[in-house]
Amino acid sequence: MVQSDKKRRSTRSSKMVSSPVVMTRMQAIMQKEMVREFLAEFMSTYVMMVFGLGSVAHMVLGGKFGSFLGVNLGFGFGVTMGVHMAGNISGAHMNAALTFTNCALGRMSWKKFPVYILGQFLGSFLAAATIYCLFYSIIEFSGGRLTVTGPIATASIFATYLPDHSTLWRGFLDEVLVTGMLQLCLFAITDKENNPALQGTQALVIGILVVVIGVSLGMNTGYAMNPSRDLPPRFFTYIAGWGIQVFRARDWWWVPVVAPLLGAYLGGIIYLVFIGSTIARRPQILEDSMVYEDRRIPVLPKTMPNPPMTSPLTPVSVSPINRPSVRTVPPLSDPIHLEHF
């Protein structure tokens, strides 16, 4: 009995000791940059997709409770909430096309690319599962059959599908153009050397941009503009009962994956070439002497003549003739240009 009591006490003490150690390790892991960026992309994409897919479910299932304008507002302000959530941590891409463009243009390391994509895809997939659970009435709406096309199709709640009035390559060009407009305007909104959105309003302005794109250009293909918005929910519908038809319907599934990558890259290049390269980048003006010293630019001569020793009672002349000479700071030979987008 005594030995068993000792064993129980030792196990309890070991558990009490191990729990703080585990918490410390978890905190250390959570503070790593890659982990924080992964979680930021995961959560921001999840929030955006829950609002966006929920608004689509209202339009498909709810009749008067939903509309195409409601879908645009749902995705637009979903993006706004996502930017508020992760903008200061990962940049709140929430879009594989934007992540690809930032890496391709050298604005972000390629090592972060799989981390961002994994976070976005998992967040989008989980959002699709959440909407499926919340709106389980879709099974009743479709008569117990989960259909991809037709008047009672419900797969369009989760992913985009090419309408009958459009062709495959016309839809491809539409996605390229729409995503290019998105990236072009995003660079303009965040370019500090141009005319950016006011500090603190970027999230709202970006959300309004998504709404405007949807209202003006969203009819043809549903303006996916985002592989992370389309592919994970499509895969969810495949395993949730809609079947392989979600990938076979008019061979559309690859277009929202490939076209946004091309469109975002072209939009970024167009802005940098036609707008960014024409902006006169102001050199940084260094006015503080401490900044000069940090830059190793001497503000005053390093060797100054020692002032004569005087008694506290000795009068000291302060005429201009007796003032110590100060050399002016030479101009910077190579002005420092700061580029922000």
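Colleague: Why is methionine 94 called buried?

Modeller: Methionine 94 has a relative accessible area of 2%, and buried means under 20% (exposed is over 50%, partly exposed in between, with a 1.4 Å probe and protein chains only), so methionine 94 counts as buried. The model is predicted, so local features need pLDDT of at least 70 and side-chain atom pairs count only at pLDDT 80 or more, while totals for chains, interfaces and linings use all residues. Residues are numbered from 1 along each chain as its sequence is written, and side-chain values use heavy atoms, with hydrogens and water left out.

Colleague: What makes the phi of methionine 94 worth a remark?

Modeller: Methionine 94, placed in the loop between α3 and α4, has a phi near 55°, a positive value in a residue other than glycine. Most residues other than glycine have a negative phi. Helices here are DSSP runs of H or I with at least four residues (strands are E, at least two), numbered from the N terminus.

Colleague: Why is tyrosine 223 called buried?

Modeller: Its relative accessible area is 6%, so tyrosine 223 falls on the buried side of the cut-off. Tyrosine 223 lies in the loop between α8 and α9 and also has a positive phi, of about 40°, although it is not a glycine.

Colleague: What makes the pair of tyrosine 132 and phenylalanine 236 edge-to-face?

Modeller: Rings of Phe, Tyr and Trp (its six-membered ring) pair if their centres lie within 6.5 Å, and planes under 30 degrees apart count as stacked, over 60 as edge-to-face and the rest as tilted. Tyrosine 132 and phenylalanine 236 are 5.6 Å centre to centre with 70° between the planes, so the pair is edge-to-face. Both residues are buried, and the pair links helix α5, which holds tyrosine 132, with helix α9, which holds phenylalanine 236, 104 residues apart. Both also belong to one aromatic cluster, whose members include Phe158 and Trp242.

Colleague: How do you know that the charge of arginine 234 sits over the ring of tyrosine 161?

Modeller: The criterion asks for NZ of Lys or CZ of Arg within 6 Å of the ring centre and within 35 degrees of the ring normal; the charged end of arginine 234 is 4.7 Å from the centre of the tyrosine 161 ring and is classed as sitting over that ring.

Colleague: Which residues of the largest nonpolar core touch the most other members?

Modeller: A nonpolar core is a set of buried Ala, Val, Leu, Ile, Met, Phe, Trp, Tyr and Cys residues joined through side-chain atoms within 4.5 Å. The largest has 50 residues, of which Phe75, Ile138, Ile157, Phe158 and Trp242 touch the most other members. Among the elements that give two or more residues to this core are α2 (33-61), α5 (113-134) and α9 (227-242), and α2 gives the most, with nine residues. Leaving aside neighbours within four places in sequence, tryptophan 242 is in contact with residues including Tyr132, Ile138 and Phe158.

Methods. Contact = heavy atoms within 4.5 Å.
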